[in-house]
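Open the model in your viewer and keep the sequence panel beside it. The stops below say what to select next and what is there.

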Amino acid sequence: MDFADEHLDGIDDPLLMLLKGHLIVERLLHDILAESVTNTRNDENLGFFRTMSRVRALYPIIGNTSPSDSDRFWASIEALNQLRNRMAHRLDHGDIGSLLNQLLILDDPSVTSLSDKAFLPPLSRTIGFLLAGLATIRAAVPQRDGA
C-alpha cells in the first residue's frame, strides 16, 4: 500500500484526491480479483463496477465487521465510482449531495461541492478507510499453491 501513500500524499485538491483515490481503489479491486480467481484472462478489461461487483460477491463481509457495516463499505465504494463518473463525464455534475452522504460522513454537512477545501479532510479519511478495507480483503485472499 506504499503506492497509495506515494500517490495521495500532499494532495490539496479534493477533486484530484477523488480521482486518484478512485484509481487506487480500482487497482486494488483488480489485484484482489486477480489473486482470488485462477482464470482472469477476461477480467483485465472489466470496468470498475463489474470488478467491484465480483470482488463483493467473493468477499461480501469485510474482516469481522457486521453485514450492515460491510454493506456500508461497499455502498461507499459505489458512491466513489458514481462521483468519479459524474466528474469525468459531465460538465454539470448536478446535485452530488446524496452521493457525498453515501460516500462519507462529513464534518460539515453544508459542504456539497468538491471544489470546497473543507471536503478534503473527510474525503482523505474515507479514501483511507476504503483502502484499509480493501487491504483487509486482500490479506484474506487464500494463497494459491506455489505462490
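**The whole chain**

Start with a cartoon of everything, bearing in mind that this is a predicted model. The protein has 6 helices and 0 strands, and from the N terminus the order of elements reads α-α-α-α-α-α. Of the 147 residues, 38% are buried. If you display contacts between residues at least 6 apart in sequence, 55% of them join residues at least 24 apart.

**The nonpolar core**

Next, show side chains for Val25, Leu29, Phe73, Trp74, Ile77, Leu134 and Ile137. These residues have the most contacts inside the largest nonpolar core, which has 37 residues. Colour by element to see where the core comes from: α2 (14-36), α3 (48-58), α4 (67-89), α5 (97-103) and α6 (120-140) each give two or more residues to this core. The largest share is that of α2, with 8 residues. As background, nonpolar side chains in soluble globular proteins tend to be buried together.

Now select Trp74 on its own and show what surrounds it. Which residues is Trp74 in contact with, leaving aside its neighbours within four places in sequence? They are Leu29, Met52, Val55, Arg56, Tyr59, Pro60, Ile62 and Ile137.

**α2 against α3**

Hide everything except α2 and α3. A pair of packed helices is described by the angle between their axes and the distance between the axes. Here the angle is about 50° and the axes are 9 Å apart. An angle of that size makes α2 oblique to α3, and the crossing of the two is left-handed.

To see the contact, select these two groups:

- from α2: His22, Val25, Glu26, Leu29, His30, Ile32, Leu33 and Ser36
- from α3: Phe48, Thr51, Met52, Arg54, Val55 and Leu58

Coloured by class, the residues of the contact of α2 with α3 come out as 8 nonpolar, 4 polar and 2 charged.

Stay in this view and pick Thr51, in helix α3. Is Thr51 buried or exposed? Its relative accessibility is 1%, so Thr51 counts as buried. Apart from neighbours within four places in sequence, Thr51 is in contact with Leu29, His30, Leu33 and Leu46.

**α2 against α4**

- from α2: Leu15, Leu18, Leu19, Gly21, His22, Val25 and Leu29
- from α4: Trp74, Ile77, Leu80, Asn81, Leu83, Arg84 and Met87

By class, the contact of α2 with α4 holds 10 nonpolar, 3 polar and 1 charged. Val25 and Leu29 of α2 also belong to the contact with α3.

**α4 against α6**

The angle between α4 and α6 is about 120°, and their axes lie 11 Å apart. That angle makes α4 oblique to α6. α4 passes α6 in a left-handed crossing.

Select the two sides of the contact:

- from α4: Phe73, Trp74, Ser76, Ile77 and Leu80
- from α6: Ile127, Phe129, Leu130, Gly133, Leu134 and Ile137

The contact of α4 with α6 has 9 nonpolar and 2 polar residues, and no charged ones.

Select Gly128, which lies in helix α6. With a relative accessibility of 36%, Gly128 counts as partly exposed. Use the distance tool from the C-alpha of Gly128 to the C-alpha of Val25: the two atoms are separated by 10.0 Å, although the residues are 103 apart along the chain.

Finish with Ala139, also placed in helix α6. What is the standing of Ala139 at 67% relative accessibility? Ala139 counts as exposed.

Technical notes: Residues are numbered from 1 along each chain as its sequence is written. This is a predicted model: local features need pLDDT of at least 70, side-chain atom pairs count only at pLDDT 80 or more; totals for chains, interfaces and linings use all residues. Side-chain values use heavy atoms; hydrogens and water are left out. A nonpolar core is a set of buried Ala, Val, Leu, Ile, Met, Phe, Trp, Tyr and Cys residues joined through side-chain atoms within 4.5 Å. Buried means under 20% relative accessible area, exposed over 50%, partly exposed in between (1.4 Å probe, protein chains only). Helices (H or I, at least four residues) and strands (E, at least two) are DSSP runs, numbered from the N terminus. Contact means heavy atoms within 4.5 Å. Ala, Val, Leu, Ile, Met, Phe, Trp, Tyr, Cys and Pro count as nonpolar, Asp, Glu, Lys and Arg as charged, and the others, Gly among them, as polar. Axes are lines fitted to C-alpha atoms, for helices over the stretch in contact, and angles run from 0 to 180 degrees between N-to-C directions. Angles under 35 degrees count as roughly parallel, over 145 as roughly antiparallel, 65 to 115 as roughly perpendicular and the rest as oblique. A crossing is left-handed if the near helix is turned anticlockwise from the far one by less than a right angle, and right-handed if clockwise.
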